[in-house]
Amino acid sequence: MPESVKVGVIGTGAISGAYLGMAKNFPIVEIAACADIDIERAKQAGEKFQIAKVCTVDELLADPGIEIVLNLTIPKAHVPISLRAIEAGKHTYLEKPLGVDKEEGKVLLAAAKKAKKRIGCAPDTFLGAGLQTARKLIDDGAIGRPVAFTAFMMGRGHEGWHPNPEFYYQVGGGPMFDMGPYYLTALLNLLGRARKINGMASIAIPDRTITSQPLSGKKISVETPDHIVGSIEFENGAVGTIIQTFACYHAPYDHKHPIVIYGETGTLQVPDPNGFDGTVLLQSAGEKQAREMPHSFVVGYGRSVGLADMAYAVRSGRKHRVSGELGFAVLEMMQGFLDSSRTGKAIYLKAKYERPAPMRAELAYGTLDE
């Protein structure tokens with residue numbers, strides 16, 4: 001086992017618990033410090049997860065022992081905080097999206113390249129057993145050449161349950177920038193590089209009222225499209241549809257297989273890309289029912305597996321799977337759907353990235369390299 005990598009966490013809001021709870025399962029990762037603009041919240045996280053150092057953002061960035069900054073701030077702060085981390089000589093792994101627009105993403109990747117630092121960008125759910133098993137089935141020809149797909153996330157939004165839902169309806173939010181990264185990253189992992197997209201988008205519900213606590217009754221003016229429909233053409237010839245919406249009730253599917261890949265010789269039902277495991281169903285031509293396929297990879301991973309993969313890569317020098325380039329390709333697509341809707345024109349994609357290497361199935365839980 002290589003020497004562990006010290007990680008400093010900036011942003012200790014609701015999502016941090018999922019990362020910090022899982023990180024302890026990877027010996028390669030040492031959560032050495034945490035910081036937040038709300039120091040009391042940082043103290044609570046430090047106590048709950050037994051983090052030795054609780055400090056300000058400036059103090060964390062000045063700590064020479066921190067090698068990776070885990071940036072869990074809100075979308076508008078992703079790039080500003082990540083740029084500061086790079087300037088401080090740190091590799092950076094940030095929550096999705098990579099930026100609130102493509103230009104921000106370009107600036108971040110350029111800064112990282114110049115400083116020779118790594119950028120990782122969530123989601124890392126495609127490293128879980130469900131999506132890795134689905135990818136292996138496709139790569140092994142279980143459904144023949146992929147022809148079509150559907151990728152649907154259809155719901156009503158966050159104001160009925162989230163304690164602070166306003167930013168989901170601001171620029172950098174909306175269903176495409178919030179949930180789209182899970183679906184698009186999964187599709188890029190399953191099908192390879194995308195070539196062209198078209199999009200239609202609308203603000204279907206311009207005014208919303210928060211019904212969750214503690215902000216119940218507060219009005220939200222929606223600033224970004226809350227309903228987006230797109231088509232994607234992949235370089236392998238597959239063409240399909242994506243819907244990301246916060247404007248629907250009672251979506252007419254079971255939510256267990258929101259991505260379906262249709263091939264020349266069969267159909268693959270892919271588990272929820274917002275999770276790591278889930279059931280994979282294969283129905284070959286001539287079969288009357290889909291059959292559950294056993295997972296071919298380690299089960300039980302959660303958020304932080306991408307961070308751990310990046311830590312291993314820092315030690316070994318190999319490429320990390322949850323890369324900034326992949327995050328930028330997703331960002332280009334998300335913005336592209338909105339741009340296409342506005343202009344009425346198709347968007348030809350330019351982002352350069354490599355399809356991530358598959359996970360190694362033979363390694364024990366918590367170990368990603370030998």
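Predicted model: local features only at pLDDT ≥ 70, side-chain atom pairs only at ≥ 80, totals over all residues.
**A buried leucine, its sheet and the pockets**

Leu-20 counts as buried, because its relative accessibility of 5% falls under the 20% cut-off for that class. Leu-20 lies in helix H1, and, once its neighbours within four places in sequence are left aside, its contacts are with Val-9, Ile-31, Phe-49 and Ile-51. A separation of 24 Å lies between the C-alpha atoms of Leu-20 and Pro-356, two residues that stand 336 residues apart along the chain.

In H1, 6 of the 8 residues are buried, so the helix is largely enclosed by the rest of the structure. The buried residues of H1 are Ser-16, Tyr-19, Leu-20, Gly-21, Met-22 and Ala-23, and they pack against the strands E1, E2, E4 and E5.

These strands belong to an open sheet of 6 strands, in which the order is E3-E2-E1-E4-E5-E6 and the pairing is parallel. Strand E3 (53-55) and strand E6 (119-121) form the edges of the sheet, each pairing on one side only. Direction ignored, neighbouring strands of the sheet are turned by 25° against each other on average. Helix H1 (residues 16-23) packs on this sheet and touches strand E1 (5-10), strand E2 (29-35), strand E4 (68-71) and E5, while the direction of H1 makes about 150° with that of E2. Strands of a sheet pair through backbone hydrogen bonds, in either a parallel or an antiparallel sense. Within this sheet, E1 and E2 run parallel and are joined by 6 bridges, with Ile-10 having Ala-35 in E2 as its bridge partner. E1 is itself mostly covered, given that 5 of its 6 residues are buried.

Gln-244 in E12 takes part in both pairings, as the bridge partner of Met-153 and as the residue opposite Ile-228. E11 and E12 form a hairpin with 4 residues between them, and in the turn Gly-237 has a positive phi of about 100°.

The largest pocket has a volume of about 1000 Å³. It is lined by 36 residues, of which Ala-14, Ile-15, Leu-72, Ile-74 and Phe-167 are the closest to its centre. Two or more lining residues are given by each of helix H4 (75-87) and helix H7 (174-178), and H4 supplies the largest share of the lining, with 5 residues. By class, the lining of the largest pocket divides into 19 nonpolar, 10 polar and 7 charged residues.

The second largest pocket holds about 440 Å³ of space. Among the 23 residues that line the second largest pocket, those closest to its centre are Arg-118, Lys-319, His-320, Ser-323 and Glu-325. Helix H5 (102-115) and helix H10 (324-343) are the elements that give two or more residues to this lining, and the contribution of H5, with 3 residues, is the greatest. The lining of the second largest pocket is made up of 7 nonpolar, 4 polar and 12 charged residues.

Notes: Residues numbered from 1 in each chain as written. Heavy atoms only, no water. 1 Å grid on protein atoms, 1.4 Å probe; cavity = no way out; pocket = protein on both sides within 12 Å on 5 of 7 lines; lining within 4 Å. Points joined across faces, edges and corners; volume = space filled by probe spheres on them. Nonpolar A, V, L, I, M, F, W, Y, C, P; charged D, E, K, R; others polar. Pairing = 2+ DSSP bridges. Axes fitted to C-alpha atoms, helices over the stretch in contact; angles between N-to-C directions. Contact = heavy atoms within 4.5 Å. Buried < 20%, exposed > 50% of the residue type's maximum accessible area, 1.4 Å probe, protein only.
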